[in-house]
Amino acid sequence: MPELPEVETVRRGLEQYVVGKKVVSAESFHQRTIKPSSLGRLEMVTGSKILAVKRRGKFLWFELDRDFVLVAHLGMSGQLLVQQSNAFDQSHLRARLRLGGKLNRTSKDEIRFIDQRTFGWLSVEESSEGIPTSVRHIAFDPFEDNFDLKSVVSKIRQKRCSIKSAILNQEVLSGIGNIYADEALWRSKIHPEIICEDLSEVEVKKVISSAKSVMKLAIKSGGTSFDEQYKNVNGESGYFSRSLQVYGQQGQPCSRCGSAIHRIAFANRSSHFCPRCQR
């Protein structure tokens, strides 16, 4: 699933191409594309002007000159591509927004939502204080000005679950998924199964600062791509996978101590860690 660095890469790409453009038409092609709680069909955004592209955690949304916004969640395999309208239609094309405004013959005049596994969605929603309905329960992510590190650390230390479960909880802090959780815990030298109550304030702070650091580096690399499912708005893969220290590195030597990286089952997924550095 695309995590904060991948979604932020997409947001920045969209911002470059679509802010200030008018949506001249909008259509969806799959029954699961529009979230059931949406205020209406995608066609509602026709005629609106895109004012900004915002993000919190793994959610992004288009601010419009309307009393509603258009929210997008990429799910497992969603892509938001900006292309010319004469480009071929992808086999997993789920929706398209045709753009107007200051365009020329070579302008990219369509936003296309591609989703092979159909877990992603689009939704027309009300917005309160700049936050869409479906994002209101999502916690601040570490890059937001309102992120309260002291409060988040306190909340985590009161939990009786594993530290990895806590930092994956999007209602505690948002944006971190399996990839960057493993990387942050390796950087912090903390085992993913340690119970939050057993960690000191300093240790929890280190986990969060490590997560922010590794995600900042991932954003600079355009995110992490392992297959054809995650792409930026130009259809290009991110290359942070070359810098991963533990995620997906089972059996490879730890770059710190040389021990083989281990993989264990974790909540229907997996965790990767160094058994020597992360006791």
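**Notebook: strands, helices and cysteines**

I began at phenylalanine 62, which stands opposite leucine 70 of strand 4. I noted that this is a predicted model, in which local features need pLDDT of at least 70 and side-chain atom pairs count only at pLDDT 80 or more, while totals for chains, interfaces and linings use all residues. Residues are numbered from 1 along each chain as its sequence is written, and side-chain values use heavy atoms, with hydrogens and water left out.

**Entry 1: strand 4 and its partners**

I took helices (H or I, at least four residues) and strands (E, at least two) as DSSP runs, numbered from the N terminus. Two strands pair if DSSP finds at least two bridges between them. I found that strand 3 (residues 59-64) pairs with strand 4 in the antiparallel sense through 5 bridges. The two form a hairpin, with 4 residues between them. Strand 4 is also joined by 5 bridges to strand 8 (residues 121-125), again antiparallel. There, histidine 73 has tryptophan 121 of strand 8 as its bridge partner.

Is strand 4 enclosed or left open? I use "buried" for under 20% relative accessible area, "exposed" for over 50%, and "partly exposed" for values in between, with a 1.4 Å probe and protein chains only. Of the 5 residues of strand 4 (residues 69-73), 5 are buried, so the strand is largely enclosed by the rest of the structure. I saw Val69, Val71 and His73 point one way, and Leu70 and Ala72 the other.

I next traced an open sheet of 4 strands in the order 1-6-7-5, with antiparallel pairing. Strand 1 (22-28) and strand 5 (78-83) are at the edges with a single partner strand each, so one side of each has no neighbour in the sheet. On average, neighbouring strands of this sheet are turned by 15 degrees against each other, direction ignored. Strand 1 runs antiparallel to strand 6 (residues 93-100), and 6 bridges join them. I noted that serine 28 has alanine 95 in strand 6 as its bridge partner.

Which helix lies across this sheet's strands? Helix 1 (residues 4-18) lies across strand 5, strand 6 and strand 7 (110-115), at about 25 degrees to strand 5. Such angles run from 0 to 180 degrees between N-to-C directions, and axes are lines fitted to C-alpha atoms, for helices over the stretch in contact. Glutamine 16 lies in helix 1, and at 60% relative accessibility it counts as exposed. I looked up its separation from valine 233: 217 residues in sequence and 10.0 Å in space, C-alpha to C-alpha.

Helix 5 (residues 201-220) has 20 residues and spans 29 Å from its first C-alpha to its last, close to the expected 28 Å. The expected span is 1.5 Å times one less than the number of residues. I listed its buried residues, among them Val204, Val207, Ile208, Ala211 and Met215. Their cover includes helix 1, helix 2 (149-157), helix 3 (163-168) and helix 4 (178-188); contact means heavy atoms within 4.5 Å.

The axes of helix 2 and helix 5 come within 10 Å and cross at roughly 115 degrees. In helix 2, Leu149, Val152, Val153, Ile156 and Arg157 meet Glu201, Val204, Lys205 and Ile208 of helix 5. Just after helix 5, I noted that glycine 222 has a positive phi of about 80 degrees.

**Entry 2: helix 4**

How many residues of helix 4 are buried? I found 10 of its 11 residues buried, so helix 4 is largely enclosed by the rest of the structure. Tyr180, Leu185 and Trp186 are among them. The cover over these buried residues includes helix 1, helix 3, helix 5 and strand 12 (269-273). Lysine 189, which follows helix 4, has a positive phi near 60 degrees.

**Entry 3: cysteines**

I found 0 disulfides in the structure, a disulfide being a pair of cysteine sulfur atoms within 2.5 Å. The closest cysteine sulfur to that of cysteine 196 belongs to cysteine 161, 4.2 Å away, which is too far for a bond. Cysteine 274 is in no disulfide either; the nearest cysteine sulfur, in cysteine 257, is 3.4 Å away. Cysteine 196 counts as buried at 0% relative accessibility, and cysteine 274 is buried with a relative accessible area of 0%.
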